[in-house]
Amino acid sequence: SKQIYDTWSFNKFTSDLNLRIFPNVDISGQLGLNGMFKGCSNLINLPPLSIGTDSGTLNASEFARASGIEEVDLTSNNLNQENNFQNGFNGCSFLKRYSITAKVSNPSYMFSGCCSLTEAPDFDTSTASAFTEMFSGCSSLAYVSDDFDTSSGTNFYRCFYNCSSLENIPSWNLRNGTNLQQLFAGCSSIKNVPPLVITAATNSTNMFQNSGSNLTELRRNNI
């Protein structure tokens, strides 16, 4: 059976470093999960979370430094509002899979340091302007969906910094990107780069720094 938690019980999860197996969660009536599992470094199992309201939102750092989590399912939530997921999974070094259907308005640092993550399926980022270090340090990341909506994005600073397993750059819309500094720096396995429209860029310093000798195709289509 599901256990029901209110806002005041969230704090205990941030300090319970021995928490390993978490029960089914019905967070009835709650509007956010701000920092609920932050710092639970031994947590390895997390069932689908149900917020139980059609106006629920996710706030920053829900799972930050919960380094043992291997999989998170956020598809069962009724999350119809914009969600700030800055630092959401930051430091989750064992995270391998995620499923997200929520609209994420701020994915900055969302998967930073998730060195076990191998693929990144898309979710709704249509209103996000900052993608700062979204996948920074994801050294095992080999696939990123082309279907992320980055049309509102302006800041892509170090978005894929040190993603050393990434071979193919995703076909993201960078047309409105102004800060592309070190966007793909340290991506030493890159082999193919699609046409990139970067005419709005005011800073593209070291965009492909240390991308390695494997970079066989680099095309910049300035339209």
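Me: Phe160 first. Buried or exposed?
Reply: Phe160 is buried, at 1% relative accessible area. Keep in mind that this is a predicted model.

Me: How many aromatic pairs does the structure hold?
Reply: There are 15 aromatic pairs. One of them joins Phe160 and Trp172, with ring centres 5.1 Å apart. Their planes sit at 55°, so that pair is tilted.

Me: Where do Phe160 and Trp172 lie?
Reply: Both lie in the segment after β9. They are twelve residues apart in sequence, so the pair ties those parts together.

Me: And Trp172, buried or exposed?
Reply: Buried, with a relative accessible area of 7%.

Me: What kind of pair do Phe184 and Phe208 form?
Reply: A stacked one. The centres are 5.1 Å apart, with 25° between the planes. Phe184 and Phe208 both lie in the segment after β9, so their pair ties together parts 24 residues apart in sequence. Both residues are buried.

Me: What does the side chain of Ser211 have a polar atom close to, at 2.6 Å?
Reply: The backbone oxygen of Phe208. Ser211 is also in the segment after β9.

Me: Is Ser211 buried or exposed?
Reply: Ser211 counts as buried, at 3% relative accessibility; the cut-off for buried is under 20%.

Me: What else does Ser211 touch?
Reply: Leaving out residues up to four places away in sequence, Ser211 touches Phe184, Cys187, Ser188, Ser189 and Ile190. Phe184 also belongs to the stacked pair with Phe208.

Me: Another serine, then. Where is Ser145?
Reply: In the segment after β9. Ser145 is buried, with a relative accessible area of 2%.

Me: Which backbone atom does the Ser145 side chain reach?
Reply: The backbone nitrogen of Asp147, at 3.0 Å.

Me: Which residues does Ser145 touch?
Reply: Ala120, Pro121, Asp122, Pro170 and Trp172, with residues up to four places away in sequence not counted.

Me: Tell me about Ala120. Where is it found, and is it buried or exposed?
Reply: Ala120 is in strand β8. It is buried, at 0% relative accessible area.

Me: Which residues does Ala120 touch?
Reply: Beyond those up to four places away in sequence, its contacts are Tyr98, Phe135, Leu141, Tyr143, Val144, Ser145 and Phe148.

Me: Which face of β6 is covered?
Reply: The one with Tyr98 and Ile100. Arg97 and Ser99 make up the uncovered face. In a regular strand, side chains alternate between the two faces of the sheet.

Me: How many bridges join β4 to β6?
Reply: Four, and the two strands run parallel. Val72 stands opposite Tyr98 of β6.

Me: What is the relative accessible area of Tyr109?
Reply: 26%, so Tyr109 is partly exposed.

Me: And the phi of Arg158?
Reply: Near 50°, again positive in a residue other than glycine. Arg158 is in the segment after β9.

Me: Which ring does the charged end of Arg158 sit over?
Reply: The ring of Tyr161, 4.0 Å from its centre.

Technical notes
Residues numbered from 1 in each chain as written. Predicted model: local features only at pLDDT ≥ 70, side-chain atom pairs only at ≥ 80, totals over all residues. Heavy atoms only, no water. Buried < 20%, exposed > 50% of the residue type's maximum accessible area, 1.4 Å probe, protein only. Polar contact = N/O pair within 3.5 Å; in protein donor to acceptor, adjacent residues only side chain to side chain. Contact = heavy atoms within 4.5 Å. Pairing = 2+ DSSP bridges. Phe/Tyr/Trp six-rings, centres within 6.5 Å; stacked < 30°, edge-to-face > 60°. Lys NZ or Arg CZ within 6 Å of the ring centre and 35° of its normal.
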